[in-house]
Amino acid sequence: MESTAATNVAPVPEAEGKVEQNITPWEVESGESGIDYNKLIDQFGCTPIDEALLQRMERVTGKPVHPWLKRGLFFSHRALNEILDAAEAKQPFYLYTGRGPSSEALHLGHMIPFMFTKYLQDAFDVPLVIQMTDDEKFLWKDLTLEEAHRLTYENVKDIIAVGFDPRKTFIFSDLEYVGHMYPNIVKIQKCVTTSQVKAIFGFTDSDNIGKYAYPAVQAAPSFSSSFPHIFGRNSNVRCLIPCAIDQDPFFRMTRDVAPRIGFLKPAVIHSKFFPALQGPKTKMSASTPGSAIFMTDKPDEIKRKVAKYAFSGGRETVEEHRRLGGNCDVDVPYQYLSIFCFDDSKLNRIREEYSSGRMLTGEIKKELVDVLTPIVLEHQRARLAVTDEVVKTFLTPRRLEFGKN
Ligand code: TYM
């Protein structure tokens, strides 16, 4: 495996009596004071993104890097430098990301990897494949297969609405496409033992056998020969995977297997988690509507949720707040603004005003509502324009055009 110290996703032990953080692809539990990302980097054995890497990315793409890189939302990677080497040498690579369709509506956190992937597709002019894991959600959740498959189609509309280029993007449902990847899936499965899968993902003897087989299905799109219509059956094109850090165990396993079956190891770029409205200790969940802003929310719902649920770093009384100022480090409205307010000078002004006590909690919440509402409304407008015909285009296995710019 990549690094023996980094293969296990067992909880990170903290000081005695404290809550342990436990991040797996299916569970995100933070410690007492939120998620410790430095600890995760150590535990998973990945590399922090530093200033030198960002400068190199700007040189290679000839464009400023995305604000989410500058602001540290995308904070860690595996072998991103190899992707930049390839781009510099004008060698091809492709992007791979995905979604597990377990709910009708996506929340703001789900949009992050897709919005970032769009930036990468535009900056590097590369093909993109998006895996819809209806099989995964059927195996893990209380969902019928038909419902998981239907949700794939609903979620695909949201993903297309992010603005991916149909000439360069292929989206697929595992249930429909898996046969094309099957040669690679069985090659991967032959390389990983039950005890390795247990150690990486924490499966137990009472988990169904579908779960044990699934990691190979999420690994397979990292290898270009899983897409013969795009790259050719005998291809070995480099791959970069944007995702939140919870998905890393899959790709740690994939990187370990790759050289043993003659394929290049995929590179990965990880984001932190976008927090729930109640703060980083609560998980955003489709079954708890007050925990997140959904892309289907109407303007008055956004306003109500922010007012009612967003955890405030403001003080008990106005007098105290004016004297001591708000705490931006824990204030959810500020945390959300630091991701979705792309205007640096506006964000700096809000930080100064709020932490000095000149701006009150109600005012920073209003700033947030004013930033989020047009983003959500624009998404709803774009989603309405995604017809069944458009969905069919993205889902049809076909040649893609890229590398002409
Ligand atoms: P899923 O559907 O749980 O999540 C989709 C993507 O969103 C990321 N994500 C978040 N990012 C920021 N803040 C959050 N609060 C947040 N919640 C979720 C996830 O990391 C993921 O990138 N098994 C996967 C589907 C999949 C996939 C992939 C994901 C298949 N192949 C390749 C990434 C890359 C899943 O169920 O994702």
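In this predicted model, arginine 99 places a polar side-chain atom 2.8 Å from an oxygen atom of the ligand. Glutamate 136 comes to the ligand with a polar side-chain atom as well, 2.8 Å from one of its nitrogen atoms. Tyrosine 96 has a side-chain N or O atom 2.9 Å from a nitrogen atom of the ligand. On its own the ligand has 680 Å² of accessible area, and the protein covers 94% of that.

| Residue | Ligand atom | Distance |
|---|---|---|
| Arginine 99 | oxygen | 2.8 Å |
| Glutamate 136 | nitrogen | 2.8 Å |
| Tyrosine 96 | nitrogen | 2.9 Å |

The ligand is surrounded by 23 residues, and Tyr96, Arg99, Gly100, Glu136 and Asp246 are the closest of them. By type, the shell consists of nine nonpolar, nine polar and five charged residues.

Which strands and helices each supply at least two residues of this shell? They are strands S5 (93-99) and S8 (238-244), together with helices H5 (108-124) and H6 (134-140). The most comes from S5, which gives four residues.

A separate feature is helix H12, which spans residues 248-257. H12 is mostly covered, with 10 of its 10 residues buried. Among the buried residues of H12 are Asp248, Arg252, Arg255 and Asp256. The buried residues of H12 also include Pro249, Phe250, Phe251, Met253, Thr254 and Val257.

Notes. Residues are numbered from 1 along each chain as its sequence is written. This is a predicted model: local features need pLDDT of at least 70, side-chain atom pairs count only at pLDDT 80 or more; totals for chains, interfaces and linings use all residues. Side-chain values use heavy atoms; hydrogens and water are left out. A residue is near a molecule or strand if one of its heavy atoms lies within 4 Å of it. A polar contact is a pair of N or O atoms within 3.5 Å; within protein, one must be able to donate a hydrogen and the other to accept it, and residues adjacent in sequence count only if both atoms are side-chain atoms. Accessible areas come from the Shrake-Rupley method with a 1.4 Å probe; for residues, only the protein chains shown count as cover. Ala, Val, Leu, Ile, Met, Phe, Trp, Tyr, Cys and Pro count as nonpolar, Asp, Glu, Lys and Arg as charged, and the others, Gly among them, as polar. Buried means under 20% relative accessible area, exposed over 50%, partly exposed in between (1.4 Å probe, protein chains only).
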